[in-house]
Amino acid sequence: MENLKVVQFDFGFECKPILAKETVVKPTKKHKSDFVFDFMDCLASPIIVFKSAWQDTIPKEILGRIKLSRIICSMTGDKMASLTETLAYMMPRTYEAPMQTEWANIYTWLGLQYAMQTKSKDQLEAMIEIAPKELSDYEKGLLKNLRLWIYDKRRKALKGILKKNKVSKNDGILDIQEKLF
């Protein structure tokens, strides 16, 4: 498609004219490969959880919702872990030892958000009683840093998996694809 020049008519309104863009940005090969990697990240990346003897106690319902929450988070353009994924990460840590008040507030707030997403009446009633309605700015900062850290670890783990799996000489497909489907 060629670059189009746009003409704006003056109808007497007090507004600045909109300038025509000089160049049209075309998607590059890198942009397309980033899309593919992001999509693989949502579906095939391992779930990062706190290293603990309790990591097997995370409910399968939460683990099953992580891929969908990753896709939704990716569609919104967030380059961080989803709230469900963060909840799953923190869950084994809560069984280890008592946490500081800030982290307890973050964990219960994440539980409230999960209950609101799943629309579970029993969970929602229980979480409304104990979870804070809103996090403080400091707690929001801690949560954001944790979500960024989980996202980074998840993507590094996927890159490591992709490096281990070689491309098949016959059809050019990664060996990991057989394991995914």
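**View 1. Arg-154 sits in helix α6.** Before zooming in, keep in mind that this is a predicted model, where local features need pLDDT of at least 70 and side-chain atom pairs count only at pLDDT 80 or more, while totals for chains, interfaces and linings use all residues. Residues are numbered from 1 along each chain as its sequence is written, and side-chain values use heavy atoms, with hydrogens and water left out. Helices (H or I, at least four residues) and strands (E, at least two) are DSSP runs, numbered from the N terminus. Is Arg-154 buried or exposed? Arg-154 is buried, because its relative accessible area is 3%; buried means under 20%, exposed over 50%, and partly exposed in between (1.4 Å probe, protein chains only). Leaving out residues up to four places away in sequence, Arg-154 touches Asp-41, Ser-45, Pro-46, Ile-48, Arg-70, Ala-81 and Glu-85. A contact here means heavy atoms within 4.5 Å.

**View 2. Helices α3 and α6 pack at about 90°.** Their axes are 10 Å apart. Axes are lines fitted to C-alpha atoms, for helices over the stretch in contact, and angles run from 0 to 180 degrees between N-to-C directions. The two helices, α3 and α6, are therefore roughly perpendicular to each other (65 to 115 degrees; under 35 is roughly parallel, over 145 roughly antiparallel, and the rest oblique). On the α3 side, look for Leu-83, Glu-85, Thr-86, Tyr-89 and Met-90; α6 brings Leu-143, Leu-146, Arg-147, Trp-149, Ile-150 and Arg-154. Sorted by class, the contact of α3 with α6 has seven nonpolar, one polar and three charged residues. For these classes, Ala, Val, Leu, Ile, Met, Phe, Trp, Tyr, Cys and Pro count as nonpolar, Asp, Glu, Lys and Arg as charged, and the others, Gly among them, as polar.

**View 3. Helix α4 crosses α6 at roughly 70°.** The axes of α4 and α6 come within 10 Å, and these helices are roughly perpendicular to each other. Glu-102, Trp-103, Asn-105, Ile-106, Trp-109 and Leu-110 of α4 meet Tyr-138, Glu-139, Leu-142, Leu-143 and Leu-146 of α6. The contact of α4 with α6 divides into eight nonpolar, one polar and two charged residues.

**View 4. The largest nonpolar core has 21 residues.** A nonpolar core is a set of buried Ala, Val, Leu, Ile, Met, Phe, Trp, Tyr and Cys residues joined through side-chain atoms within 4.5 Å. Which members touch the most others? They are Ile-62, Leu-87, Met-90, Ile-106, Leu-110 and Leu-143. Two or more core residues come from each of α2 (60-75), α3 (83-96), α4 (101-118) and α6 (137-164), with α3 giving the largest share, six residues. Zoom in on Ile-62 and, beyond its neighbours within four places in sequence, you'll find Thr-84, Leu-87, Ala-88, Met-91 and Tyr-114 in contact.

**View 5. Thr-108 is found in helix α4.** Thr-108 counts as buried because its relative accessibility is 16%. Setting aside neighbours within four places in sequence, Thr-108 is in contact with Met-127, Ile-130, Ala-131 and Pro-132.

**View 6. Arg-93 lies in helix α3.** Arg-93 counts as partly exposed, at 25% relative accessibility. Not counting residues up to four places away in sequence, Arg-93 touches Phe-50, Pro-98 and Met-99.

**View 7. Zooming back out, the protein chain has seven helices and zero strands.** Of its 181 residues, 30% are buried.
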